[in-house]
Amino acid sequence: MDTRRLACLIAVLCLTVLPAATAAAQVGDSRFTASVTARSLGFADLREPISFTPSAPFTAQHPGWTRDWSERRLYASLAYRLVDADAVALSPGIHAGVAVGRFEARNRGLGYYEAWDTRPAFLWGPSCELLLRRGRSEGLFARLRYELFLAAAPEGAEEVRAATGTATPPSARDAFFSWTSHEATASVGYDLGKVAFDAGLALTAFRLDKRLDHHIDPAGATGNALAAILALNAQTSRYGYEPRNLVSPYLSVTFRPVAGCSLGADLRLGALPDIALRFAVSF
């Protein structure tokens, strides 16, 4: 399915199916929870554990690079309360939606900057939540949650700026990005009925892979420059990026204006803001 159509489908779900489910939740017991989440996140100064550049033997390599990733997600989730006892609840689920990423790399010493915006990517993955509580209604609780996010997309736009005025033009290479994010949170909170809040720690094991395919015109190049161009055109450049810090403080608050309906906000306090807004209903 085209990602733009999927985004429209999520919007229709939010406007039609979820309000209808809210009315159903007021009738009796509910085990399903459907939600729509909008999230903005990012990682600053990624490390690069994998780097394969075919032209490396023929060109000078320079230190001093910093790399950032920012991402916007919009996805729908469906969870089923498999276990629903007084003291424990277990809810496996699945989510699907769209994501758009932006990768930036800069070397201030060289006066060089490059950035890519991805096309909208299909985002999906499973989830599971374990809730430990003193009772079904208000009171103290502990929450353990795991989510897996998978996405991949080619570049949508590329930007290059070089102080020397010489750089590989965007038209001479194509980038493809794929990313995986294992996300777990452990928190303790208190449910007041209409409002619930919890705080704890979030573990985010994020991995971004980038592939670069070059098709540079070698006309006029000689020596090492020609060898570097031929090497780049012959093989795909591959890079892998990961955050330097995996753990961050986690805060969450949930409002329940009516039975079976909730509005929530999650905040992960990392190097770059990670904010999620969520609308959910149970039915």
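D68, R102, E104, R106, D117, E159 and R161 are linked in a network of salt bridges. This is a predicted model, in which local features need pLDDT of at least 70, side-chain atom pairs count only at pLDDT 80 or more, and totals for chains, interfaces and linings use all residues. Residues are numbered from 1 along each chain as its sequence is written, and side-chain values use heavy atoms, without hydrogens and water.

Student: What makes R102 and E104 a salt bridge?

Tutor: The definition asks for a side-chain nitrogen of Lys or Arg within 4 Å of a carboxyl oxygen of Asp or Glu. In R102 and E104 the closest N and O atoms are 3.7 Å apart. So the pair qualifies.

Student: Why is E104 called buried?

Tutor: Buried means under 20% relative accessible area, exposed over 50%, and partly exposed in between (1.4 Å probe, protein chains only). E104 has 17%, so E104 counts as buried.

Student: Why is R102 called partly exposed?

Tutor: R102 has 22% relative accessibility, so R102 falls in the in-between class.

Student: How do you know that R207 and E242 form a salt bridge?

Tutor: Their closest N and O atoms are 3.4 Å apart. R207 lies in strand β10 (residues 195-214) and E242 in strand β11, so the pair ties together parts 35 residues apart in sequence. Strands here are DSSP runs (E, at least two residues), numbered from the N terminus.

Student: Why is D45 called partly exposed?

Tutor: D45 has a relative accessible area of 31%, so D45 is in between. D45 also forms a salt bridge with R244, with the closest N and O atoms 3.3 Å apart.

Terms used
Helix = DSSP H or I, 4+ residues; strand = E, 2+ residues; numbered from the N terminus.
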